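Have the structure open as you read.

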Amino acid sequence: MKHLIITCFLSFVFISCTFGQRKMDPGFEKVARTMTLIERLYVDTINNDKLAEETIIALLDRLDPHSSYFNAEEVKDKTESLQGHFDGIGIQFNMLTDTLYVVQVLSGGPSEKVGLMAGDKIISVNDTVIAGVKMKTTEIMSRLKGPKGTVANIEVKRGKSEKLIPFRIIRDKIPTFSIDAAYMLDKENGYVRINKFASTTYDEFKEAYEKLHKQGMKNLILDLQGNGGGYMHTAVYTANEFLKRGNLITYTEGAHMKRENYVASRKGNLTDGRIVVLVDESSASASEILAGAIQDWDRGVVIGRRTFGKGLVQRPLPLGDGSEIHLTVSRYYTPSGRSIQKPYEKGDADSYNKEVMLRYNHGELMNADSIHFPDSLKYNTLLNQRTVYGGGGIMPDYFIPLDTTRFGEYHRVLAATGTINKYILELLDANRTTYLSRYKNVKTFDVQFMVTNAMLRDLFKLYEKERLSDEALPEYGDEAKAPLLEENSLVKTQIKALVARDLWDTTDYYQIMNKENESVIRALEIIRNPEEYNKLLGTSR
């Protein structure tokens, strides 16, 4: 009961401080008096900061699944991930067996300038050993990051040499990118994958499509699979590129927030040509705004699986000490009036977060016939009057089932335990120079490089080595290994793609993996076939 009282009191204090003095509700007045009595008379000393944090979290948990509290450090991390840059040394890395492996040195960054290389193992930072000491990844990152102009003195183990190499790296602004890949699938059809909607996403997207346009792109596959969202305004700017001036992109409305329309301010650069948008059950929030606008205006075909269904708008509200609450203030709607937010019970975040797993258990991810919407959720697209649905994510125009057959249990364990990534690092430790000399570019690599069964057996041996030191890992026999040894096994493609990523960049990873991605394969078939494309859009144009 006391927990609830404090919760209500903090709610009152927040409202009062944020929106000015209002006549106090009798309930809040009673709670405020109780809190004053606790502060003055309670028998024990109270840790006010800790109690406040716990209480705020409990309060927000009673509202909706997306109203959240972030302490000062979490606010900083979240802001960095969406601002498009942070101060650091400019590397991408993996943590494997308590060791930091450099996966990629960012071009033009401070680490590249001093000669750090992919495959290097960072042993210490500023005289503190970080390898083999079970240090948390967040703590290691905090040691590598730092204000622009400050120095990170690191020691690196390179290759088989036991001698550590010292580097003095001056930290600088490091860009973070929200576009994983942008390349031509063939002479006319381009592919762009967006992993989040950060402050730089729109500029990145413009640069990507301008590059592809120069290469002859007429049609675009836009991949939003796994895109959990980000800034709504960035999604709006991006949607503008596909629509005509005056087209409604989305609108927001709440009990205390008047309707606000977001409209295309000009004719976009991608209003011609065929568009296919890829989505899945992890596409959420801002990615649903973009997919919903394209679908409602019949501007493109959405294919994949039903999206997550996050249609609540959070406003960041500072609490004065660097912490924030992100309070849900309104819902957003697609141009046809659909609410994308899936149903939830207040105070039951656990069931809400497990809803995607329920879809899997009910068979929805494998069979579109398992999805049933009531007639009350039916809407029509704005040009071709096709039936679309609200109230629980964006339902695609063309369904792609989740393929569970190609990932056997042994493959999943090899990936989940980090064994595949560790094998890649060991492979490149021994062969990086040879591969870069032999394969002049990723196209040559793609044609000539083969993942052999001998390589896979080395992978299996590495797992057995890991298993000997971790009794919780299961043992697998020849029956489990056989599918991975087949000529077209997914693990062979995955290894090849990871090697390409570490030798060149992320785009090369997707160029190889997408040859096995059923959504991309089917999207390319649809975009190459005007008759099928137009039929899905409900038009004969």
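How much space lies in the second largest pocket? About 1400 Å³. This is a predicted model, in which local features need pLDDT of at least 70, side-chain atom pairs count only at pLDDT 80 or more, and totals for chains, interfaces and linings use all residues. Residues are numbered from 1 along each chain as its sequence is written, and side-chain values use heavy atoms, with hydrogens and water left out.

A pocket here is an open set of points on a 1 Å grid over the protein atoms alone, with protein on both sides within 12 Å along at least five of seven lines; lining residues have an atom within 4 Å of a point. For the second largest pocket there are 42 of them, and Gln92, Leu106, Thr176, Phe177 and Thr506 lie nearest its centre.

Now to the charged pairs. The structure holds 24 salt bridges, each a side-chain nitrogen of Lys or Arg within 4 Å of a carboxyl oxygen of Asp or Glu.

Glu241 is buried at 0% relative accessible area, whereas Arg266 is partly exposed at 32%. Buried means under 20%, exposed over 50%, and partly exposed in between, with a 1.4 Å probe and protein chains only. Asp502 and Arg501 are both buried.

Key
On a 1 Å grid over the protein atoms alone, a cavity is a set of points where a 1.4 Å probe fits but cannot get out, and a pocket is an open set with protein on both sides within 12 Å along at least five of seven lines; lining residues have an atom within 4 Å of a point. Grid points are joined across faces, edges and corners, and a volume is the space filled by probe spheres set on the points.
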